[in-house]
Amino acid sequence: MQCDRLWTNARLATMQDGLSGIGIIERGAVGMAAGTITYVGPMADAPAATEVIDCAERWITPGLIDPHTHLVFAGDRIGEFELRQKGASYEEIARAGGGIVSTVHATRNASEAELVASALPRLDALIAEGVTTIEIKSGYGLSLGDESKMLRAARILGEVRPVTVRTTFLGAHALPGEYAGEADKYIALVCDAMLPAIAAAGLVDAVDAFCENIGFSPAQTERVFEAATRHGLPVKLHAEQLSNQHGAALAARYGALSADHLEYLDDAGIAAMAESGTVATLLPGAFYFLRETRLPPVAALRAAGVPIALATDCNPGTSPLTSILLTMNMAAVQFGLTVDECLLGVTRHAAAALGLGTDTGTLAVGKHCDLAIWDIERPADLVGRIGFNPLHQRIWMGQ
């Protein structure tokens, strides 16, 4: 079968399951037809192509994936950074009316067009580092109109830039001021009014919640999961970031795509995730920015065979990070991940964390032709350096 386009004379890091490490093929080639990969393998066996591109021995990886972001928001929270520098904790700032609630106020006052315009520079920074797929959460509106506005803005970002956007409804992110002291009543609104309307409008691909002592209880989280299940939507969870609420085990019981943060994850949660296939998405930017000291249990996750994904957690308050490359370096330095684990964490495992494992995340026949072509000597260059962007070319859907 002839290809539309063939990238040849390349070194491939295929990330394919079943191959050792990151699936390296020296002197390899990737073929594409109609936006889909049709050949991955040795250059000597490559089919004919209408267009042949000599990669001059550059490396090709799958396009990178950022599976956990809060990219759409208004305002900033740099003042909270100053407070933390003076000793205030994340929890203290949140309980004093800062944190998520302060971003809610700014986001509610912004138009849809303003949200798109403010998010584009953040998105462009990630695209410039080879990101071809990104998850974007709501959660700074906390009302039907404002959550819908955020999700529409996220969908628009995927229309005005060459990137795959997956949207996640995070209505259970924080308690809005108008529901102070009435968390159960607000969760009823999320489950019975907001989620049905947002799902009917086709604005959401998954549902998330913040299960934490300053967020929502496991019982309230389970109500959100039950509502998501009724609408045929997969779930994921902010779990075990500041305390052990046993949220990861709850998420696993509902077949969650991922449980994210996980600094306080226990052995029972790890076992539940391993059994359900739930991905552990680690967020080293938040760990760094909040100066956390309790490490996620990487060795235990590794031993249990739980896939580990990495994400920027780009948000205005606790991880104002728009570099997927720096995210990998942080994960290696702070959490002890290997180079291979970091690269799999922003490709194959990140795709699984979004439910996209059959579409992207590896160089394999039948998947979207999402590629990142790098001017590097070895894959470790993508993890072991800071302030270094060696992207030569980014291909999304073959273009």
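Helices (H or I, at least four residues) are DSSP runs, numbered from the N terminus. This is a predicted model, in which local features need pLDDT of at least 70, side-chain atom pairs count only at pLDDT 80 or more, and totals for chains, interfaces and linings use all residues. Residues are numbered from 1 along each chain as its sequence is written, and side-chain values use heavy atoms, without hydrogens and water.

The largest pocket holds about 360 Å³ of space. Its lining comprises 19 residues, and Ala94, Val101, Ala174, Leu175 and Ile214 lie nearest the centre. Helix H2 (90-95) and helix H3 (100-108) are the elements that give two or more residues to this lining; H2 gives the most, with three residues.

In the second largest pocket there is about 240 Å³ of space. Of its 15 lining residues, Ser89, Tyr90, Glu91, Leu290 and Glu292 are the closest to the centre. Helix H1 (78-85) and H2 each give two or more residues to the lining of this pocket, and the largest share, three residues, comes from H1. (A pocket is an open set of points on a 1 Å grid over the protein atoms alone, where a 1.4 Å probe fits, with protein on both sides within 12 Å along at least five of seven lines; lining residues have an atom within 4 Å of a point. A volume is the space filled by probe spheres set on the points, which are joined across faces, edges and corners.)

Elsewhere, a helix pair may be examined. The contact between H4 and H5 (heavy atoms within 4.5 Å) follows from axes (lines fitted to C-alpha atoms over the stretch in contact, with angles from 0 to 180 degrees between N-to-C directions) that come within 9 Å and cross at roughly 50°.
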